[in-house]
Amino acid sequence: MAEQPKTGSHDPDFPEAFLQFMRSGWREDPLAVAPVPEVPNYAKRRAALSDAFPGETLIIPSGTEKVRANDTDYPFRPGSDFVYLTGDRDPDSVLVMRPSGSGHDAVLHTRQRNSKETDGFFRHRDGELWIGRTHTLAEKSTELGIDTAPLGALGPALAHSAPGRTRVLRGLDANVDRTVLAYEPDREKPRDRELAWTISELKLIKDEWEIAQLQEAIDATVHGFEDVVRVLPADRAVKERLLEGVFGLRARHDGNDVGYGSIVGAGAHATILHWVRNTGTTKPGELLLMDMGVEGNHFYTADVTRTVPVSGQFTPLQRQVYDIVHAAQQAGIDFIRPGVLYKDIHRTCMRVLAEGLHDLGLLPVSVDEAMSEESTIYRRWTLHSFGHMLGIDVHDCSKARNDNYRDGTIAEGYVLTVEPGLYFQPEDDLVPEELRGIGVRIEDDVLVTADGCRNLSAGLPRSSAEVEQWMAAQRSAGPRLPA
């Protein structure tokens, strides 16, 4: 008798005649699988992680599906560090790297098929009749170049992990966390934090394949911004969510999805840094800030922001604010090269913003005093840093130690955003009325090269004059569907 899978509360109690009928008459078609081109990349990354922790067992989960409502789940997106090391995309999978004489033996524990050999094939919501053909363990092993084992063997594998010689990437799989806590009681143990920061620091320098994935996502993002401007009317209001949806179409067509919740801020919404509700409407004469990025099919994401005049032309005051932000961004990009301090890139951008705020008559003190560590009052209108690392996460390498990130130096192969901004809140009585509700951010994705940096998102214009010309050209071309 085939194993009876778990069913929903409203599933019918099938008669035996139907069950017997469903168990027969099916053909099994094998998948044509071959190693994916990036298999050597995954193996190289696991080898580097192995070198960092000789003689220790390393456990990296993919993560679990998250309930959206009742019996529906959010679309699953595997944990970035897990994908970085394996290329696997399935929920509940766990990478176990066990020490061996030559380093580590890596085994990917993953779900087995709900194939035609079980009633789960047609009764379970993860059955192949419902979700389509899935990989056998052997097929996945061939495709990803790693040994595989059934998920059911994970418990014994964890049970045999030596206390004091095991590290876990925590917060992704509660079952794994609970199991290992049986002999590693301190959830905040530095051993596990060290595993997290080591993987983050391995991700700081991008290889050629990763740069290609980022460029692909960024190119799709450029097309997405073009799509949006082509449907943005100059003379009437449209909903922010229309523009969000147009970009989302490009993201789903050219990539996996958006890399983060798209920010489409019309008018005063541009002053809200993480405005993701997108419930407003555009208005001719106002600015529109759009912070959006396509996540590619291998999960590397773009992160680009443009602020555009809805009418197609900046007003003199809008242009003045925009040009300050553009000058700050250009100063930061010009400063970036291997060996410079991350903090000094920030200071370079912020200095130009502070000087612009002084020119606008907003600073109550000198630029030097506003920039001093004892003051930093200029930040009332800038709020955030100049940028962040970018890669398989929109805020990549976030677990890296400060000494190797925010307090460290930039190296060739880093990819980071440069995104200064000025934000004048509608309720801010310290700025003139005509400035209130204006928000401007310009963000690009740059690769650090041997002698400077390369703007990977240069396909979108940045200067105020170029933005106006670009908007006119896009509107003249008219709406399009992704090809």
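Visitor: Is D29 buried, partly exposed or exposed, and what is its relative accessible area?
Guide: The model is a predicted one, so local features are read only where pLDDT is at least 70. Buried would need a relative accessible area under 20% and exposed one over 50%. D29 falls between these limits and is therefore partly exposed, with a relative accessible area of 40%.

Visitor: With which residue does D29 form a salt bridge?
Guide: The closest N and O atoms of the pair are 2.9 Å apart, and a salt bridge requires a distance within 4 Å.

Visitor: How many residues apart in sequence are the parts tied together by R250 and D227?
Guide: The side chains of R250 and D227 meet in a salt bridge of 2.8 Å, N to O. R250 belongs to helix α11 (residues 240–254) and D227 to helix α10 (residues 208–231), so the pair ties together parts of the chain whose separation in sequence is 23 residues.

Visitor: Are R250 and D227 buried or exposed?
Guide: A residue counts as buried when its relative accessible area is under 20%. This salt bridge joins R250 and D227, and both residues are buried.

Visitor: Which residue forms a salt bridge with D407?
Guide: D407 is partly exposed, with a relative accessible area of 33%. The closest N and O atoms of the pair are 2.7 Å apart. D407 sits in the loop between α14 (367–371) and β13 (415–418), and its partner lies 64 residues away in helix α13 (residues 342–359). That partner is K343.

Visitor: Are α10 and α15 roughly parallel or roughly perpendicular to each other?
Guide: The axes of α10 and helix α15 (residues 464–477) come within 8 Å and cross at roughly 75 degrees. Angles of 65 to 115 degrees count as roughly perpendicular. The two helices, α10 and α15, are therefore roughly perpendicular.

Visitor: How many charged residues are in the contact of α10 with α15?
Guide: On α10 the contact is made by F225, E226, V229 and R230, and on α15 by W470, M471, Q474, R475 and A477. By class, this contact has five nonpolar residues and one polar residue, and the charged residues number three.

Visitor: Which strands stand at the edges of the three-stranded sheet?
Guide: The open sheet has the order β9-β10-β12, with antiparallel pairing. Each edge strand has a single partner strand, so one side of it is left without a neighbour in the sheet; the edge strands are β9 (263–266) and β12 (304–309).

Visitor: At about what angle to β10 does α10 run?
Guide: Strand β10 (residues 287–292) pairs with β12 in the antiparallel sense over six bridges, and L288 stands opposite V308 in β12. α10 lies across β10 and β12, and its angle to β10 is about 150 degrees.

Visitor: Which residue in β16 stands opposite T417?
Guide: β13 and strand β16 (residues 444–448) pair in the antiparallel sense over four bridges. From β13, V415 and T417 point one way and L416 and V418 the other way, and all are buried. The residue opposite T417 in β16 is D445.

Methods: Residues are numbered from 1 along each chain as its sequence is written. This is a predicted model: local features need pLDDT of at least 70, side-chain atom pairs count only at pLDDT 80 or more; totals for chains, interfaces and linings use all residues. Side-chain values use heavy atoms; hydrogens and water are left out. Buried means under 20% relative accessible area, exposed over 50%, partly exposed in between (1.4 Å probe, protein chains only). Axes are lines fitted to C-alpha atoms, for helices over the stretch in contact, and angles run from 0 to 180 degrees between N-to-C directions. Angles under 35 degrees count as roughly parallel, over 145 as roughly antiparallel, 65 to 115 as roughly perpendicular and the rest as oblique. Contact means heavy atoms within 4.5 Å. Ala, Val, Leu, Ile, Met, Phe, Trp, Tyr, Cys and Pro count as nonpolar, Asp, Glu, Lys and Arg as charged, and the others, Gly among them, as polar. Two strands pair if DSSP finds at least two bridges between them.
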